[in-house]
Amino acid sequence: MALLDHKVVLVSGGTQGVGAAVARAAAREGAVVAVTGRRREPGEALAAELRKGGADAMFVRTDVADPAQAQASVAAVLAEHGRVDCLVNAAGLTSRGTLLDTTPELFDAHVAINLRGPFFTMQAVVRDMVARKAPGTIVNVITSSEHGGQPFLAPYVAAKAGLAGLTRNAAHAHRWDRVRINGVNIGWTETEGEDATQREFHGADDGWRERAAAALPMGKLGQADEIADFIVFLLSERSGVVTGSVIDWDQNVLGGLD
């Protein structure tokens, strides 16, 4: 039996990168997949790709920075499928800012996308699970930087650290509802978004991936498909009773010193 047979899986921020990889992995494991994101064209293309592969898939255009849109995306999936069994919050903003140069507008943008969006998407999903007295699973895509991160990630770290705390809080609050909520602190990962970030903020050229990989212990950046497989495992019953865990998915060990 596939890990997510007949489960309805909502992937928030699923039009590229880790989110898109999760959508593909969930579909391979038998899930009905709903993907949300701000950009209609790649979202519709991904849904069409999944349907071509035999999955039941839909796209809902959503900007999770707007709580009304975040909650409306859940309502759209409920209207189509009657339930959401699994949620993955993968939407994220990674623009740079230090403590000294971050504007209120940049800070608010990070909080809106990296923390408030997941909060209200989770609220809508868990409210329905509780109303139906049905179990469910949620995975929040966080970052290993939530432990501290680089100086140029100040607003990003602030918002993602909040998401880590929210993950534990919500998991504790809803464990008796049999809603399991976990987080994955991903490290440096090779995605379309990371490529754009490296070029925009760090002046990277076409060889940045190879140089970055050579400097890492495992000789490669994190891979979205490998992260997606782990997230699907956490969504599935194979991960047992685990809830409230924020797991470091990285090749650097927090607290380890050379």
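**View 1. W188, a partly exposed tryptophan.** With a relative accessible area of 36%, W188 is partly exposed, in a model that is predicted throughout. W188 belongs to the loop that runs between β6 (179-186) and β7 (189-190).

**View 2. W208, a buried tryptophan.** The relative accessibility of W208 is 5%, and because buried means under 20% relative accessible area, this residue counts as buried. W208 is part of helix α7, which comprises residues 208-214.

**View 3. The stacked pair of W188 and W208.** The ring centres of W188 and W208 lie 6.1 Å apart and the planes meet at 20°, so the pair is stacked, given that planes under 30 degrees apart count as such.

**View 4. The chain around the pair.** The secondary structure of the chain amounts to eight helices and nine strands. Its radius of gyration is 18 Å, close to the 18 Å that the globule rule gives for 258 residues, so the chain is as compact as a globular protein of that length. Along the principal axes, the C-alpha atoms fill a box of roughly 50 × 40 × 35 Å, and 49% of the 258 residues are buried. Of the contacts with a separation of 6 or more, 72% are between residues 24 or more positions apart.

**View 5. Surface and charge of the chain.** The accessible surface comes to about 12,300 Å², with 54% of it belonging to carbon and sulfur atoms. The chain carries 25 positive and 31 negative side chains, and the centres of these two sets are 6 Å apart.

Key:
Residues are numbered from 1 along each chain as its sequence is written. This is a predicted model: local features need pLDDT of at least 70, side-chain atom pairs count only at pLDDT 80 or more; totals for chains, interfaces and linings use all residues. Side-chain values use heavy atoms; hydrogens and water are left out. Helices (H or I, at least four residues) and strands (E, at least two) are DSSP runs, numbered from the N terminus. The radius of gyration is taken over C-alpha atoms; the globule rule is 2.2 Å times the number of residues to the power 0.38. Buried means under 20% relative accessible area, exposed over 50%, partly exposed in between (1.4 Å probe, protein chains only). Contact means heavy atoms within 4.5 Å. Accessible areas come from the Shrake-Rupley method with a 1.4 Å probe; for residues, only the protein chains shown count as cover. Lys and Arg count as positive and Asp and Glu as negative; His and the chain ends are not counted. The place of a charge is taken as NZ of Lys, CZ of Arg, CG of Asp or CD of Glu. Rings of Phe, Tyr and Trp (its six-membered ring) pair if their centres lie within 6.5 Å; planes under 30 degrees apart count as stacked, over 60 as edge-to-face and the rest as tilted.
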